Amino acid sequence: MSPEKLAYMANQIGRFFATQKGVPAVDGIQDHLRKFWDPRMRKTIIANLDNEALHLDPPVREAIERLRAS
């Protein structure tokens with residue numbers, strides 16, 4: 001799957017968690033990506049995190065940065 005498609009999907013997840021009460025968006029995004037994304041999808045989005053052409057909403061970027069650090 002292309003990095004652009006993964007960024008689109010991750011931003012959709014981020015928008016969902018931004019509307020949820022009681023769960024910080026970044027925590028929810030990170031947890032969702034860890035639990036439900038295939039390891040190859042996570043590896044691809046993490047590998048492209050520094051690609052400035054890839055648009056990621058700030059909470060999504062932070063969640064992926066946390067995944068990269070873990």
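Reader: In this predicted model, where contact means heavy atoms within 4.5 Å, which residues does Arg61 touch, not counting residues up to four places away in sequence?

Author: Contact means heavy atoms within 4.5 Å. Arg61 is found in helix 4. Once residues up to four places away in sequence are not counted, the residues that Arg61 touches are Leu49, Leu54 and Leu56.

Reader: Does Arg61 count as buried, partly exposed or exposed, and what is its relative accessibility?

Author: Buried means under 20% relative accessible area, and exposed means over 50%. Arg61 falls in between, so it counts as partly exposed, with a relative accessibility of 23%.

Reader: How far apart in space are Arg61 and Thr44, C-alpha to C-alpha?

Author: Along the sequence, Arg61 and Thr44 are 17 residues apart. In space, the C-alpha to C-alpha value for Arg61 and Thr44 is 14 Å.

Reader: With which residues is Trp37 in contact, leaving aside its neighbours within four places in sequence?

Author: Trp37 is one of the core residues that touch the most other members. Leaving aside neighbours within four places in sequence, the contacts of Trp37 are Leu6, Met9, Ala10, Ile13, His32, Arg42 and Ile45.

Reader: Why is the pair formed by the rings of Phe16 and Phe17 edge-to-face?

Author: The count of aromatic pairs comes to one. The ring centres of Phe16 and Phe17 are 5.0 Å apart and their planes stand at 80°. Planes over 60 degrees apart count as edge-to-face. The angle of 80° therefore makes the pair of Phe16 and Phe17 edge-to-face.

Reader: Which relative accessible areas do Phe16 and Phe17 have?

Author: Buried means under 20% relative accessible area. Phe17 is buried at 16%, whereas Phe16 is partly exposed at 46%.

Reader: Which residues of helix 2 meet helix 1?

Author: Helix 1 passes helix 2 in a right-handed crossing. From helix 1, the residues involved are Ile13, Gly14, Phe17 and Ala18. Those they meet in helix 2 are Ala25, Gly28, Ile29, His32 and Leu33.

Reader: Which residues of helix 4 make the contact with helix 2?

Author: The axes of helix 2 and helix 4 come within 8 Å and cross at roughly 55°, and the two helices are therefore oblique to each other. On the side of helix 2, the contact is made by Val26, Asp27, Ile29, Gln30, Leu33 and Arg34. On the side of helix 4, the residues are Pro59, Val60, Glu62, Ala63, Ile64, Arg66 and Leu67.

Reader: What separates the C-alpha atoms of Ala25 and Ala63?

Author: Ala25 is found in helix 2. Ala25 and Ala63 are 38 residues apart along the chain. Their C-alpha atoms are separated by 8.7 Å.

Methods. Residues are numbered from 1 along each chain as its sequence is written. This is a predicted model: local features need pLDDT of at least 70, side-chain atom pairs count only at pLDDT 80 or more; totals for chains, interfaces and linings use all residues. Side-chain values use heavy atoms; hydrogens and water are left out. Rings of Phe, Tyr and Trp (its six-membered ring) pair if their centres lie within 6.5 Å; planes under 30 degrees apart count as stacked, over 60 as edge-to-face and the rest as tilted. Buried means under 20% relative accessible area, exposed over 50%, partly exposed in between (1.4 Å probe, protein chains only). A nonpolar core is a set of buried Ala, Val, Leu, Ile, Met, Phe, Trp, Tyr and Cys residues joined through side-chain atoms within 4.5 Å. A crossing is left-handed if the near helix is turned anticlockwise from the far one by less than a right angle, and right-handed if clockwise. Helices (H or I, at least four residues) and strands (E, at least two) are DSSP runs, numbered from the N terminus. Axes are lines fitted to C-alpha atoms, for helices over the stretch in contact, and angles run from 0 to 180 degrees between N-to-C directions. Angles under 35 degrees count as roughly parallel, over 145 as roughly antiparallel, 65 to 115 as roughly perpendicular and the rest as oblique.
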